[in-house]
Amino acid sequence: MEKPFYARSANQTGEWETVAHHLNRAGALCGDFADEFGCREAGEILGKLHDLGKISKSFQEVLTHRRIHVNHAVPGGAVALNRFGDKDSGQLLALPIAGHHSELDSGVLPLLRRTLSGAGEAFDPEQNEIPLFGAEALVAAFQMVRKLAPLPPERPKLPDWKAGEDPHLAYMLAARMLFSALVDADYSSSAEHFEPDYLETHSAPNLDAAAALASLKTLRAEKQKNAKGDPALNKIRDDLFADCLTAAQNPPGLFTLTAPTGTGKTLSLLAFAAAHAPSQSAPAPAAVAAVDIRIAAQALAPALDALARQTRLELMVQ
């Protein structure tokens, strides 16, 4: 019997996770996550191709501590680019795979093309080895993936980013949503190898939008009570909060919020999301609001931590 390829070393019970198990589990989870925005097949494909680079001698030696600096993400991205086309749709699948351990960056496309052709040395710009390099190695690994984790038979449904008034923004959001689904699925499925009930113990309860909004209003009232700022600034904050609640009564769509630092964008944005959620026509356990907001990251974490204490939800801020 041929020795299997492994995705992860031994857990506390001594069991190694096979590539086949990891790809199928990540594919299922990523499909579930992406189904929330109508892209189940695309999510399944991302999950089943993302670790194709682990089907290699070099990565197997990483698991046994005989080799380091191996970029196992690039081969899967290269295969996705080849299979689904080096244009917008194919890149929408290739980029999340290639960046699932780094970042979402279209600058990796030349490396994916070079990996497909086998031109030059099999290393990325940081001198990490690309374990599957050139068409022959990639095709062999892809054929194995098709046996271990069969892909959906049809081309995946992707968001129609060209239909709206800002295709570039829509494309960017679609890429980020797919990237998020893959990273979450990969992390969760990997964690299950060491903690089988990981998803059960680390998943927040279904969103109670009304309770969340009530908690936000309570938190905001406490802030207002202790506010020592200029009355004119406080009025701007009040107006912004009220405007966001008014905007939440609109039909679902893409909303933007642009306001200066210090005007309470974080609480106003979260209030909008909580108030807007009940207006969604499709039944769902939680609402997903895509919002383009330019806000300092360091200001976001404390506000979310405060919200978590109020709503008793576990939130992860990255």
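Modeller: Start with His65, which is exposed, with a relative accessible area of 73%. His65 sits in the loop between helix 3 (57–63) and helix 4. This is a predicted model, in which local features need pLDDT of at least 70, side-chain atom pairs count only at pLDDT 80 or more, and totals for chains, interfaces and linings use all residues. Residues are numbered from 1 along each chain as its sequence is written, and side-chain values use heavy atoms, with hydrogens and water left out.

Biologist: Why is His65 called exposed?

Modeller: Exposed means over 50% relative accessible area, buried under 20%, and partly exposed in between, with a 1.4 Å probe and protein chains only. His65 has 73%, so the label is exposed. His69, in the loop between helix 3 and helix 4, has 52% and therefore counts as exposed. Both have a positive phi without being glycine: about 65° for His65 and about 60° for His69.

Biologist: What makes Ser56 buried or exposed?

Modeller: Its relative accessibility is 4%, so Ser56 counts as buried. Ser56 lies in the loop between helix 2 and helix 3. Leaving aside neighbours within four places in sequence, Ser56 is in contact (heavy atoms within 4.5 Å) with Phe5, Pro131 and Leu132. The C-alpha atoms of Ser56 and Ala137 are separated by 9.0 Å, although the two residues are 81 apart along the chain. For the protein, of 318 residues, 42% count as buried.

Biologist: How do you know what to count as a helix or a strand?

Modeller: Both are DSSP runs, numbered from the N terminus: H or I of at least four residues for helices, E of at least two for strands. The protein has 13 helices and four strands.

Biologist: Why are helix 1 and helix 8 called oblique?

Modeller: Axes are lines fitted to C-alpha atoms, for helices over the stretch in contact, and angles run from 0 to 180 degrees between N-to-C directions. Under 35 degrees counts as roughly parallel, over 145 as roughly antiparallel, 65 to 115 as roughly perpendicular and the rest as oblique. The axes of helix 1 and helix 8 come within 8 Å and cross at roughly 135°. Helix 1 and helix 8 are therefore oblique to each other. Among the residues that meet are Leu29 and Phe33 in helix 1 and Ala181 and Leu182 in helix 8. By class, this contact has eight nonpolar, four polar and four charged residues. Ala, Val, Leu, Ile, Met, Phe, Trp, Tyr, Cys and Pro count as nonpolar, Asp, Glu, Lys and Arg as charged, and the others, Gly among them, as polar.

Biologist: What is the relation of helix 5 to helix 6?

Modeller: The axes of helix 5 and helix 6 come within 11 Å and cross at roughly 95°. That makes helix 5 roughly perpendicular to helix 6. Gln91, Ala94, Leu95 and Ala98 of helix 5 make the contact with Leu109, Leu112 and Arg113 of helix 6. These divide into five nonpolar, one polar and one charged.

Biologist: What makes a set of residues a nonpolar core?

Modeller: The members are buried Ala, Val, Leu, Ile, Met, Phe, Trp, Tyr and Cys residues, joined through side-chain atoms within 4.5 Å. The largest such core has 47 residues, and Leu112 is one of those that touch the most other members. Helix 8 gives the largest share of this core, seven residues. Another core, of 19 residues, lies apart from it and includes Leu216 and Phe272.
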